[in-house]
Amino acid sequence: CIVQPLSPSDISDLEFSNLAEYKKFRNFNCLHGNNYLSQKICQSVFENKKVREVLQMIFGDKYYLYNEQFIVKPPETESKGLTRFPLHRDSDPADCDSAYTSLWIALDDMTSSNGALHALSYGNQKEGKRDDLENLFIKAGDIVLLAHDMWHGSNPNTSRDVRRAYMMQFSQMPMIDSSTGKNVALAVPIS
């Protein structure tokens, strides 16, 4: 299940001149007023010096928040097949030409039974192979960086507990839909 802190209708055609303006809007409008966890996670990412340094190494001094979402896998959903994410690249459905990077943050420990993230090794990605998946058994609070064109997925949650992650996506430039000329999602400048 994908949960957006802000619905697409809340952000369509909005422009934010800086991160503080976006956070103010987000905190006021987020998740039916019950946004404490979402606010805390967002705040902790932007205040984390190492995260900012990594993003600056990738993008330089100015980059954009493109999207943010929670990825929630309810418990014991294997038989329904609802929480399996097949192997994919995040850029596949996007109708834009810009590259972006996702910060995928585990909110729960990732295990083989709760649908841990898995990805193709870098070598297999370059060769176009779709085998040799590596499971990423990471701890709550750990961050995985995913390039927009990295093949990854996850299995269903067969455990008795919910499995949660939070993902923020950043781009060098605003992500523009090539057919409409409009922002695909957010375009919050970070500098």
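Author: Start with D108. At 15% relative accessibility, D108 is buried. Buried means under 20% relative accessible area, exposed means over 50%, and partly exposed is in between, with a 1.4 Å probe and protein chains only. This is a predicted model, where local features need pLDDT of at least 70, side-chain atom pairs count only at pLDDT 80 or more, and totals for chains, interfaces and linings use all residues. Residues are numbered from 1 along each chain as its sequence is written, and side-chain values use heavy atoms, with hydrogens and water left out.

The partner of D108 is R164. The two form a salt bridge, with their closest N and O atoms 2.8 Å apart. The term requires a side-chain nitrogen of Lys or Arg within 4 Å of a carboxyl oxygen of Asp or Glu. By this rule the count comes to one salt bridge. D108 sits in the loop between β4 and β5 (117–120), while R164 belongs to strand β9, so the pair ties together parts that are 56 residues apart in sequence. Helices (H or I, at least four residues) and strands (E, at least two) are DSSP runs, numbered from the N terminus. R164 is partly exposed, at 29% relative accessibility. Side chains of opposite charge can pair when their charged atoms come close.

In the largest nonpolar core, which has 22 residues, F46, L65, Y166, M168, F170 and V188 touch the most other members. Seven elements each supply at least two residues of this core: α2 (19–29), α3 (36–47), α4, β2, β4 (100–106), β9 (163–171) and β10 (188–190). Helix α3 gives the most, with four residues. Such a core is a set of buried Ala, Val, Leu, Ile, Met, Phe, Trp, Tyr and Cys residues joined through side-chain atoms within 4.5 Å. In soluble globular proteins, nonpolar side chains tend to be buried together.

Take L65 as one example. Beyond neighbours within four places in sequence, L65 is in contact (heavy atoms within 4.5 Å) with residues including Y22, F46, M168, F170, V188 and I190. Apart from this core lies another, of 11 residues, and A106, M110, A116 and L146 are among them.

Y166 has a polar partner too. Its side chain makes a polar contact with the side chain of E68, at 2.2 Å. That term means a pair of N or O atoms within 3.5 Å; within protein, one must be able to donate a hydrogen and the other to accept it, and residues adjacent in sequence count only if both atoms are side-chain atoms. E68 lies in strand β2 (residues 63–73). E68 is buried, with a relative accessible area of 3%.

N157 is buried, at 0% relative accessibility. The N157 side chain reaches two backbone oxygens: that of P74 at 3.2 Å, and that of D161 at 2.7 Å.

Last, step back. The chain's secondary structure comes to five helices and 10 strands. Of its 191 residues, 41% count as buried. Among contacts in the chain with a separation of 6 or more, 80% join residues 24 or more positions apart.
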